[in-house]
Amino acid sequence: MSSHAVTADHDSHAHHDPNLQHHFAEMEQQFECSKIGMWLFLATEVLLFGGLFVGYGLMQGQHPEAFKSAHHHLDWRMGALNTIVLLVSSFTMVMAVWSAQTNNQKALIRNLILTIGCACTFMVVKYFEYSHKYHEGLLPGAFYSYTGPHQNAEFVFFSFYFMMTGLHGIHVTAGIVVLCYLLVQARKGAYNASYYTPIDLTGLYWHLVDLIWIYLFPLFYLIS
Amino acid sequence: MANTVTSSPTKTGTAPPHLNYLTENNTLKAWLTTVDHKRLGLMYLGAVMSFFFIAGALALLLRLELLTPKQDFMDSATYNKVFTLHGAIMVFLFIIPSVPAALGNFVLPLMLGAKDVAFPRLNLASFYVYCTGAVMALVAIIGGGVDTGWTFYTPYSTTTEGPVGLMAMAVFVLGFSSIFTGINFVATVHKLRAPGMGWFQLPLFVWGIYATALIQVLATPVLGITAVLMVMERAFHIGIFDARLGGDPVLFQHFFWFYSHPAVYIMILPGMAIISDIIPVFSKKTMFGYRAIGFSSVSIAFIGFLVWGHHMFTSGQSDLASAIFAFLTYLVAIPSGIKIWNWLATMYQGSIDLRTPMLYAMSFLLLFAIGGLTGLYLGAISVDIHLHDTYFVVAHFHYVMMGGTVIAFIGGIHYWWPKMFGKMYNEKLAAIACWLVFIGFNVTFLNQFMMGSQGMPRRYWTYLPEFQRYHVGSTIGSWILGFGLVMAAGVLLASLRKKEYDAGDNPWGARTMEWETVSPPITHNFEGQPVLRHGPYDFRVEPTPATVAGGRH
């Protein structure tokens with residue numbers, strides 16, 4: 001049947017951007033498609049944490065006094081420091097996207113390094129906080145060995161504290177890995193004004209990680 | 001010109017073998033690393049059907065044990081494990097991935113005139129994540145089995161022996177496979193439609209899969225975190241679900257059903273989606289109420305998020321909450337009813353062709369109507385208190401899941417089989433198998449409605465002698481059903497032994513785009529970019545091979 005004869009040769013990509021995948025017609029379509037995918041992924045992240053937030057809210061409602069007294073074991077200055085660190089990293093991330101959009105290779109690399117630096121600082125501060133809890137015996141569940149004055153159900157607070165900040169920490173670590181990969185690619189000159197999708201998408205992810213911390217900080221550190 | 005070429009809708013002449021997605025680069029390595037949505041669809045199909053077979057065999061064992069009131073060949077612990085495995089495998093490894101991941105993967109890009117899904121590598125990853133979850137589940141089964149039921153209610157699940165944690169992590173991993181598929185499909189429908197194909201020229205299968213994908217994306221993460229919390233509770237006693245430590249076991253039920261009720265619609269919406277495509281093709285009539293069916297899919301998806309509490313009428317939640325959940329549950333009946341009446345109105349005065357896919361579609365209509373209406377009984381609080389945890393519930397959700405989704409799935413396989421493999425099965429035998437499935441199914445589960453309404457509790461391995469006549473009927477029905485399913489599989493597989501592609505490109509005379517390419521399709525689906533020229537159910541125009549936009553590349 002001759003009707004399948006066509007004028008367009010779908011495999012000739014000679015005149016295409018090398019970053020264009022074969023099933024997209026143009027770069028813009030591919031970029032928008034990736035963005036939709038990322039936003040959906042972020043929606044799943046919100047719901048993943050959402051379950052924990054709801055659980056926290058219910059438990060806090062059942063044991064308000066225990067939660068209040070438990071939160072005094074946390075150092076709000078450490079939490080505030082980490083909040084600032086993450087906010088700065090969000091700013092440097094935005095600058096990294098902007099640098100890529102404006103073809104500023106040097107600034108792109110610099111901003112990626114700054115973002116990674118902030119993320120690592122966050123994890124170091126978190127390490128000091130966790131080790132402090134470890135020495136006090138305020139670990140979750142079966143490892144809870146705190147013997148000082150405390151109320152019943154205080155340890156549920158620490159279950160949530162470690163579950164939520166732990167899951168958030170895993171997300172920060174994953175972000176660091178991805179940012180390092182971007183840095184390596186950026187040094188090879190992989191990103192420019194016509195192709196910066198990975199930078200843009202990682203930026204979206206990074207802002208969400210930041211945003212989740214902005215909710216975690218007052219919920220755990222500032223409830224009195 | 002291509003526009004004027006017409007072909008007879010029932011053309012079944014043999015075509016010379018052409019290079020297609022099955023034969024091109026046909027090595028094991030190429031299959032295992034493929035990013036082609038069609039190959040991934042077939043791989044999913046093989047995987048889910050294997051698990052359907054395993055879980056079905058377990059069901060036959062359960063029915064055999066229940067043939068007599070006393071113990072026959074299983075003790076109570078074995079019985080608990082077998083029904084848990086039957087449920088968990090059917091839900092997580094078969095039904096949830098069945099239509100979207102197997103048929104959806106194969107058909108969706110073809111229907112849209114696309115070359116692939118939006119993220120082909122994510123699609124491959126999703127298959128391997130599924131395999132990982134399946135292996136974890138199998139290890140849990142071999143490592144002693146799980147006796148919690150597929151719902152994993154605390155505190156039993158956090159205290160019982162056995163690899164419950166591993167099974168829960170398997171569910172977590174399988175959830176990610178489901179999320180990846182969902183993300184892929186939403187992005188594909190948004191961005192990869194053929195030129196000229198607006199939202200209201202989409203085949204209704206696409207609307208249904210789209211609504212399903214939204215639920216997959218928005219509900220599954222909550223199941224994931226619930227599974228993690230349960231594992232943490234088992235491993236470290238974090239106390240969130242433990243009343244002795246200040247936690248709340250009912251919170252687990254809320255979390256679980258917040259996912260698992262929408263998951264019911266992850267299961268049924270794709271079934272409805274298939275039916276919405278089969279009925280107009282075999283009635284040769286434009287879809288009656290196209291927009292109503294499309295929007296009803298989305299509204300079922302939305303309402304589905306608001307009704308989880310109707311699983312918990314006896315859990316001790318407040319009466320006000322129960323009343324609100326009951327009311328919201330009734331709302332689901334409205335979009336479901338809209339669909340049923342529109343399907344019937346499509347068939348009315350149509351030129352109905354009772355071929356095998358249509359037989360399954362009509363079975364679906366009847367079985368789903370029974371399953372859906374008995375759902376209203378269970379949504380009414382006072383009736384539910386009586387029927388809760390009886391065989392009435394078992395019969396209800398089997399009518400919806402098996403009589404609804406699985407029947408539609410099998411119908412869909414019969415419908416798209418000639419496109420997948422280019423070969424037509426023996427229709428007479430396939431129709432007989434369909435009748436056996438229909439009769440066997442009703443004999444199995446109508447009996448369960450009756451014994452459930454008289455008080456036979458679910459999940460019991462022995463029972464009072466007065467229920468025996470129903471159990472005997474149900475067990476005999478399960479044999480007919482099992483035989484029908486095996487026969488259907490045999491008829492389909494036998495067609496693969498044919499040497500030639502005898503099905504033709506468009507054996508049913510359908511008007512959606514997947515029938516405009518060759519059977520089986522070439523690796524890139526279409527020669528160039530096809531353009532939409534008529535609606536998906538526009539039977540006033542003759543079916544034609546794909547027309548192609550010149551110079552889009």
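Modeller: A charge sits over a ring if NZ of Lys or CZ of Arg is within 6 Å of the ring centre and within 35 degrees of the ring normal. This is a predicted model, in which local features need pLDDT of at least 70 and side-chain atom pairs count only at pLDDT 80 or more. Residues are numbered from 1 along each chain as its sequence is written.

Colleague: What makes B:R291 lie over the face of B:F200?

Modeller: B:R291 is 3.7 Å from the ring centre of B:F200, and the limit is 6 Å. Likewise, the charged end of B:R39 sits over the ring of B:W31, 4.3 Å from its centre.

Colleague: Why is the pair of B:F200 and B:F295 called edge-to-face?

Modeller: Rings of Phe, Tyr and Trp (its six-membered ring) pair if their centres lie within 6.5 Å; planes under 30 degrees apart count as stacked, over 60 as edge-to-face and the rest as tilted. The centres of B:F200 and B:F295 are 5.8 Å apart and their planes stand at 65 degrees, so the pair is edge-to-face.

Colleague: Why is B:F241 called buried?

Modeller: Its relative accessible area is 2%, so B:F241 is buried. B:F241 and B:F255 form an edge-to-face pair, 6.4 Å centre to centre with 85 degrees between the planes. B:F255, at 6%, is buried.

Terms used: Chains lettered and ligands numbered in written order. Heavy atoms only, no water. Buried < 20%, exposed > 50% of the residue type's maximum accessible area, 1.4 Å probe, protein only.
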